[in-house]
Amino acid sequence: MSTSHRLWKPVKKAMTWLFFIAVIVLLVIYARKVDWSEVLDTIVNYNRTAVLASVALVIVSYLTYGVYDLIGRASCGHKLEKRQVMLVSFICYAFNLTLSTWVGGVAMRYRLYSRLGLSSSTITRIFTLSIATNWLGYVLVSGIIFSAGMVKIPAGWFVGSATLRTIGIGLLLFVFVYLLLCAFSRRRRWSIRGHRLALPSLRMALVQFTVSSANWLVMGAIIWLLLMQKVDFPQVLGVLLISSIAGVIIHIPAGIGVLEAVFLALLRGEPVGHGTIIAALLAYRLLYFIAPLLLALVLYLWLESRAKSLKAKNLAA
């Protein structure tokens with residue numbers, strides 16, 4: 001382990017804890033301001049159309065995420081049936097959202113795909129492509145939203161509007177350079193510290209950007225609907241994007257507390273009460289995290305019971 005890596009590790013850990021403490025403090029401050037009767041009233045009297053539309057979008061989002069692994073299937077050339085790939089992707093995504101990337105994204109994928117007959121190297125490529133696809137879409141959508149100044153930042157926040165615009169322009173510049181490399185680079189493979197990186201074709205890169213961007217837009221639309229459309233969609237989407245990065249930094253499963261803290265902070269001044277925000281996010285967690293997790297648990301047990309026969313069938317095919 002290099003000296004710089006040893007020095008950075010405790011610094012990173014300290015920053016994570018400081019951020020975690022800041023989130024807790026922020027939540028406590030806002031919790032004292034929330035009218036909890038308004039939260040309960042909002043949940044009980046939710047518009048049924050908004051809830052049903054949100055459920056439909058949750059299904060769309062999970063199906064869209066399944067395409068990430070289908071991209072991996074096309075890239076790796078493995079022959080698992082598409083429905084098996086979509087099933088594994090659904091299970092892994094549900095566990096990933098609630099129990100962290102290491103459990104859902106990594107451990108669960110290796111477990112299920114290996115049980116279905118894929119090699120470790122192929123599973124690694126699928127996982128890597130899935131992660132890359134997810135964040136490529138994030139970069140594109142964030143670049144557009146941030147650079148256009150669609151997110152209103154409250155005065156005194158640690159990131160100002162000008163800084164956020166600069167970040168957005170930088171993200172769009174990355175997208176432009178990345179697509180140029182995919183289209184024209186003669187060198188298609190690199191090796192960094194023993195890890196091999198392959199540059200996709202321009203066509204595949206465009207598919208990754210399109211599918212992932214659509215998924216991020218759908219996630220934002222779910223929260224927008226649950227907020228009863230009282231806040232502009234770009235603002236809701238921008239806050240979701242910021243909270244997602246905060247959740248990655250702090251490493252809390254399901255981003256518990258982080259999502260709420262960021263939304264409460266950045267929607268301060270919007271025509272929506274704290275209770276409505278909390279109710280919408282509780283409904284979002286129920287529809288997007290908890291309900292799919294329960295279904296994924298049942299499907300996981302079913303897949304484990306059928307894995308041996310499915311593997312034999314896959315190897316024979």
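Reader: Is arginine 109 buried or exposed?

Author: Arginine 109 is buried, with a relative accessible area of 1%. Buried means under 20% relative accessible area, exposed means over 50%, and partly exposed lies in between (1.4 Å probe, protein chains only). Accessible areas come from the Shrake-Rupley method with a 1.4 Å probe, and for residues only the protein chains shown count as cover.

Reader: Before we continue, what kind of model is this?

Author: This is a predicted model, in which local features need pLDDT of at least 70 and side-chain atom pairs count only at pLDDT 80 or more, whereas totals for chains, interfaces and linings use all residues. Residues are numbered from 1 along each chain as its sequence is written, and side-chain values use heavy atoms, with hydrogens and water left out.

Reader: Which residue does the side chain of arginine 109 meet in a salt bridge?

Author: Its partner is aspartate 69, at 2.8 Å from N to O. This pair links distant parts of the chain: arginine 109 is in helix 5 (residues 101-115) and aspartate 69 is in helix 3 (residues 48-76), 40 residues apart. A salt bridge is a side-chain nitrogen of Lys or Arg within 4 Å of a carboxyl oxygen of Asp or Glu. Helices (H or I, at least four residues) and strands (E, at least two) are DSSP runs, numbered from the N terminus.

Reader: And aspartate 69, is that buried or exposed?

Author: Aspartate 69 is buried, with a relative accessible area of 0%.

Reader: How many salt bridges does the whole structure have?

Author: A search of the whole structure finds 7 salt bridges. One of them joins arginine 111 and glutamate 304, with the closest N and O atoms 2.8 Å apart. Here too the pair links distant parts of the chain, with arginine 111 in helix 5 and glutamate 304 in helix 11 (residues 274-316), 193 residues apart. Arginine 111 is partly exposed at 39%, whereas glutamate 304 counts as buried at 14%.

Reader: Which residues are linked in a network of salt bridges?

Author: The network links Glu81, Arg83 and Lys313. Within it, arginine 83 bridges to glutamate 81, the closest N and O atoms being 2.8 Å apart. Arginine 83 counts as exposed at 62% relative accessibility, and glutamate 81 as partly exposed at 25%.

Reader: Changing topic: where is serine 61, and what does its side chain contact?

Author: Serine 61 is in helix 3 and is buried, at 0% relative accessible area. Its side chain makes a polar contact with the side chain of asparagine 215 (2.6 Å). A polar contact is a pair of N or O atoms within 3.5 Å; within protein, one must be able to donate a hydrogen and the other to accept it, and residues adjacent in sequence count only if both atoms are side-chain atoms. Not counting residues up to four places away in sequence, serine 61 touches Tyr93, Asn215, Val218, Met219 and Tyr288, contact meaning heavy atoms within 4.5 Å.

Reader: What does asparagine 134 touch?

Author: With residues up to four places away in sequence left out, asparagine 134 touches Tyr68, Ser212 and Trp216. Asparagine 134 is in helix 6 (residues 120-147) and is buried at 14%. The C-alpha atoms of asparagine 134 and glutamine 208 are separated by 7.9 Å, although these residues are 74 residues apart along the chain.

Reader: How does the span of helix 8 compare with what its residues should give?

Author: The 25 residues of helix 8 (residues 202-226) should span 36 Å at 1.5 Å a residue, and the end C-alpha atoms are 37 Å apart, which agrees. The expected span is 1.5 Å times one less than the number of residues.

Reader: What comes just after helix 8?

Author: Just after helix 8, methionine 228 takes a positive phi of about 60°. Most residues other than glycine have a negative phi. Methionine 228 is in the loop between helix 8 and helix 9 (233-250) and is partly exposed at 30%. Glutamine 229 is also found in that loop; it has a positive phi of about 60° although it is not a glycine, and it is partly exposed at 47%.

Reader: Finally, which residues make the nonpolar surface patch?

Author: Leu173, Phe176, Val177, Leu180, Leu181 and Phe184 make a nonpolar surface patch of about 610 Å². Patches are made of residues with over 30% relative accessible area and no salt bridge: like charges are joined within 9 Å, and nonpolar side chains (Val, Leu, Ile, Met, Phe, Trp, Tyr) within 5 Å. Valine 177 lies in helix 7 (residues 161-184) and is partly exposed at 40%.
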